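Q: Hi! Could you go through this model with me, starting with some of the side chains?

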There are 2 protein chains.
Amino acid sequence: MVEWITSRKNEGIKQAAKLVSSSSFRKEQGEFLVEGARLCRDAAQSDIEIVTAYVTKQAQDKYPEYVEKILQKAEQNFGIEPHVGELLSDTKTSQGIYCICRIPSQDALDLVCDGHYLALENLQDPANLGAVLRTGEALGIRGVILGGSCCDVYSPKVLRASMGAVFRLPLSFCEALEKQLPRWQEQGFSTLAAVPAQDAVDITQVDFSNPSILAVGNEGNGLTDGVIRACEQRVTIPMKGRAESLNAAASASILMWEMLRGREPPFDRVAARPSLT
Amino acid sequence: MVEWITSRKNEGIKQAAKLVSSSSFRKEQGEFLVEGARLCRDAAQSDIEIVTAYVTKQAQDKYPEYVEKILQKAEQNFGIEPHVGELLSDTKTSQGIYCICRIPSQDALDLVCDGHYLALENLQDPANLGAVLRTGEALGIRGVILGGSCCDVYSPKVLRASMGAVFRLPLSFCEALEKQLPRWQEQGFSTLAAVPAQDAVDITQVDFSNPSILAVGNEGNGLTDGVIRACEQRVTIPMKGRAESLNAAASASILMWEMLRGREPPFDRVAARPSLT
């Protein structure tokens, strides 16, 4: 480590701290901050670019293998004092490892018409969004489309809850899903809207042999009418207990599971980190 | 409302506040505290006994229908000032409605040998446990067995995350699952241990036509060896992405879904709130 930062008033640290707290600053800078040994290591092992790594002496001693991988990947590195690192921490007990990463470019929306995608609309809770991404990755989803005004995937809470899936899952952003869905349909995708309605098609009865995009809505309000209308089919999880009792993350888990149930994963593509754009 | 409490030093309030913060005090008293208009209403509509209700004037004006149901059910009622209510609140914005409820008796463990049960071992995170209970109720699980040292289901966080499922789902407590599982097997239950192992049986290939008990373990460590050995079968969710990326709540959701997939619910029994004991 060549250079050490000992002052909490360091300009770089101030900027990095703002990346933790402000979603609009993240957008403006095209950067976000990752905290923690494992999460920073995950970023280093993914296609994500690491601009700057900040590591305490204590972290170097405690997580030497993780730190080595992170420092190798980062464009620049700084040693920091623990009391400086605290400014960058969103957790109670910081591990003293932080990385400023570049937000990947999100240009045109051009899905590859194979595999199965999840489209989320207006998902607001960071823990929910992170959990959905984590589960989606585990189940072998091809990518996730974030529609409407979902919470920022590059917020500390989403990053943590996703266990690094944010770095590895192909993500795409789309303000108006209802406009895009018919285009995807023309490209050959089946489009499905998840609704809590008994007259919708039981999710176990849906034919997922086609490439598919399944839309899941906001925690409280579900999908907007526009998105429901824009989809070919309304599908639902048949409820045996109390219908109101499935939350967004649990619904999305079960829906993705059914979409991919018994299906062979696109292993080669997952390994190659397929791009949505 | 006959009596009003205006002092934060009121003895009843002090005791009630301790029910919020201390799990051992809850056990000692055999009582727990429920907060919020909807959750207290859910308690009032369930078999749970309400010992005391505390309601602010503001809450009476804002949630008249909920408050009416709660006051009817409670053995005694008090009006309270908002600054008194704050002492009982575990949330940022309190609705000014609180109930002291009785913990249902948990005597012998005698499962009715039909239906499908979930057995949790050492589940530590209140949000996870609450979510699992909520999803279990929605999917029509017959009951949940809390094994080992799970976190307290009567803590404010579990109650909230469960959306009141704690009041309605048959719950049973069992310190040593590994001793009890063979007995349940003798009674006719199939017993299954969920493990993250590729050589375990794919959950989609398991025959769930028998009454079944499915054991799911701790967030970090999974099931203990003793419980795995005590079960007839090891089952797993086939992973297509990263195996380490399913959390306890997501795993349990998918496992319960598969256990109950396409199965007719025991509607009459759910309506009658079946007892495990």
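Q: Tyr54(B) and Phe78(B): buried or exposed?
A: Both Tyr54(B) and Phe78(B) are buried. Keep in mind that this is a predicted model.

Q: And how many aromatic pairs are there over all chains?
A: The structure holds 10 aromatic pairs over all chains. One of them is formed by Tyr54(B) and Phe78(B), which are stacked, with 5.7 Å centre to centre and 20° between the planes.

Q: Which parts does that pair tie together?
A: Tyr54(B) belongs to strand S3 (residues 50–56) of chain B and Phe78(B) to strand S4 (residues 76–80) of chain B, so the pair ties together parts that are 24 residues apart in sequence.

Q: What about the rings of Tyr117(B) and Phe189(B)?
A: That pair is edge-to-face, because the planes are at 80°, with the ring centres 5.6 Å apart. Tyr117(B) lies in strand S6 (residues 116–121) of chain B, while Phe189(B) is in the loop between helix H10 (177–186) and strand S9 (190–194) of chain B, so parts 72 residues apart in sequence are tied together. Tyr117(B) is buried, with a relative accessible area of 0%, and Phe189(B) also counts as buried, at 2%.

Q: Which residues do ring pairs link into a cluster in chain A?
A: Phe32(A), Tyr154(A) and Phe167(A) are linked that way.

Q: Switching to charges over rings: what lies over the face of Tyr66(A)?
A: Arg41(A) does, at 4.7 Å from the ring centre. In chain B, Arg41(B) lies over the face of Tyr66(B), at 4.7 Å from the ring centre.

Q: Now helices. Which residues of H5 in chain B are buried?
A: In helix H5 (residues 64–73) of chain B, they are Val67(B), Ile70(B) and Leu71(B). These residues cover an arc of only 95° around the axis, so they sit on the same side of H5(B). The face turned away from that buried side carries the exposed residues Glu65(B) and Gln72(B).

Q: What covers the buried residues of H5(B)?
A: The cover includes helix H3 (37–44), S3, helix H4 (57–62), S4 and strand S5 (97–102) of chain B.

Q: One last thing: where is Glu121(A)?
A: Glu121(A) is in strand S6 (residues 116–121) of chain A. Glu121(A) is buried yet has no salt bridge.

Q: How far away is the nearest side chain of opposite charge?
A: That is Arg229(A), 10 Å away. Leaving aside neighbours within four places in sequence, Glu121(A) is in contact with residues including Gly147(A), Cys150(A), Leu177(A) and Asn218(A).

Methods. Residues are numbered from 1 along each chain as its sequence is written. Chains are lettered from A and ligands numbered from 1 in the order in which they are written. This is a predicted model: local features need pLDDT of at least 70, side-chain atom pairs count only at pLDDT 80 or more; totals for chains, interfaces and linings use all residues. Side-chain values use heavy atoms; hydrogens and water are left out. Rings of Phe, Tyr and Trp (its six-membered ring) pair if their centres lie within 6.5 Å; planes under 30 degrees apart count as stacked, over 60 as edge-to-face and the rest as tilted. Helices (H or I, at least four residues) and strands (E, at least two) are DSSP runs, numbered from the N terminus. Buried means under 20% relative accessible area, exposed over 50%, partly exposed in between (1.4 Å probe, protein chains only). A charge sits over a ring if NZ of Lys or CZ of Arg is within 6 Å of the ring centre and within 35 degrees of the ring normal. The arc is that of the directions from the helix axis to the C-beta atoms. Contact means heavy atoms within 4.5 Å. Lys and Arg count as positive and Asp and Glu as negative; His and the chain ends are not counted. A salt bridge is a side-chain nitrogen of Lys or Arg within 4 Å of a carboxyl oxygen of Asp or Glu.
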